[in-house]
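I opened this notebook to record what I looked up in one structure. The entries follow the order in which I worked.

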Amino acid sequence: MRIIGYACVKNNKLSLRRDDEYKKTKAYKQLRNVNLQDENIAIDILTVNHQERTLLNKILEDLLENDVIIVPDVNVLGNNKKEILACYTKLHEKKIGILILDENKNSMVSDLSTVDFSFVPHFISNEEFDNKCNLIIKRKHRSNRGRPQNEINDKFIEIYWLYERFLIEEPVAYDNIYFHMSKGGFHKLAEIYESSPAYFADEEQMEKQYKISDIVKRRGAIPENFDKVYNCFSEDSILSMEIGQDNILSACDEYGVRRMSSISFKRYYIKALWGRKASARETIHRKDAELNDKLKRKEGQA
């Protein structure tokens, strides 16, 4: 079993040309404090001109089942929550333990860890792993300047589904009485949410309550090669949702399309079939003027 410590530091003043520059960082000291030796510590120094986590990529390739990676903070795994989740998931799938130091208590273990300091392989269940992913999704993330960024919380999820059901206008989705963000910020958070285990559970609940599989997918472009996937099935079987989930996943894997539920599959199919006409029709028929007015942030309102 190998135990590797990894961190990354954003600092334009540190030199990539000197091998010992990483020893000046707080991250290095944190990893040394858990008794890791220099030869087992890897730290990427990110600058304006060098943004790639080359050492992390190498670690992901080299580590094997039962190995462990120790990081001072889950944020070192990517530039945003989508990248963090992708790396976190890859480690889980390869059965590599990840020990994350608690951000508030040095040398203590974060709840997001999949192993503890005993380093005894204990591979968590998929359900427990999904719960940890949801913690990453919902946790507050701070920018380099220390300002908390918008987060995926209950209010965001509520607004997201009102938007997906065409009940509210797009500007209200990202500027409302609950929060204010840019259009791009809203769609970025929505993309992260749609990639999370929580989304699929919420989607099933929305299907039971509102039959959303009959509503065109509002947000997001049709995935590349999606036509090759839906051409595997008849139109009637897609619209009636008679295709088994396993068949959809197999077709997605075959053509390199990201995996999706049968609900999302049908919603994207409607979008591919009817394009903007479907969205325009839903906007006209489903828009709730009273709800829009209720949710709009009034002038001068914080």
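**Entry 1: the model and its conventions**
I note that the model is predicted, with local features requiring pLDDT of at least 70, side-chain atom pairs counting only at pLDDT 80 or more, and totals for chains, interfaces and linings using all residues. Residues are numbered from 1 along each chain as its sequence is written, and side-chain values use heavy atoms, with hydrogens and water left out.

**Entry 2: the whole chain**
I looked up the secondary structure and found 14 helices and 4 strands. Helices (H or I, at least four residues) and strands (E, at least two) are DSSP runs, numbered from the N terminus. The chain has 302 residues, of which 45% count as buried. Buried means under 20% relative accessible area, exposed over 50%, and partly exposed in between (1.4 Å probe, protein chains only). I then turned to contacts, which are heavy atoms within 4.5 Å. Among contacts with a separation of 6 or more, 67% come from residues 24 or more positions apart.

**Entry 3: helices α3 and α4**
How are α3 and α4 arranged relative to each other? Helix α3 (residues 81–93) and helix α4 (residues 126–138) pack at about 160°, and their axes are 10 Å apart. Axes are lines fitted to C-alpha atoms, for helices over the stretch in contact, and angles run from 0 to 180 degrees between N-to-C directions. The two helices are therefore roughly antiparallel, a label for angles over 145 degrees. On the α3 side, Lys81, Ile84, Leu85, Tyr88, Thr89 and His92 take part, and they meet Asn126, Phe129, Lys132, Cys133, Ile136, Ile137 and Lys138 of α4. I recorded 7 nonpolar, 3 polar and 3 charged residues in this contact. Here Ala, Val, Leu, Ile, Met, Phe, Trp, Tyr, Cys and Pro count as nonpolar, Asp, Glu, Lys and Arg as charged, and the others, Gly among them, as polar.

**Entry 4: helix α13**
Which residues of helix α13 (residues 276–286) are buried? I found Ala278, Ser279 and Glu282. They cover an arc of only 95° around the axis, so they lie on the same side of α13. The arc is that of the directions from the helix axis to the C-beta atoms. An α-helix has 3.6 residues a turn, so residues three or four places apart point the same way. The buried residues of α13 pack against α12 (262–274). The face turned away from this buried side carries the exposed residues Arg276, Lys277 and Ile284.

I located Leu99 in strand β4 (residues 97–100). Leu99 is buried, at a relative accessible area of 0%. Beyond four places in sequence, its contacts include Ile69, Val71, Val109 and Phe117.
I located Leu60 in helix α2 (residues 54–62), and Leu60 counts as buried at 8% relative accessibility. Leu60 and Lys90 are 30 residues apart in sequence, yet their C-alpha atoms are 8.2 Å apart.

**Entry 5: positive phi values**
Most residues other than glycine have a negative phi. Phe166, which is not a glycine, has a positive phi of about 65°. Phe166 lies in the loop between α5 (154–164) and α6 (170–174), and is buried at 2% relative accessibility. Met241, also not a glycine, has a positive phi of about 55°. Met241 sits in the loop between α10 (235–239) and α11 (245–254), and is partly exposed at 27%.

Technical notes. Parallel < 35°, antiparallel > 145°, perpendicular 65-115°, else oblique.
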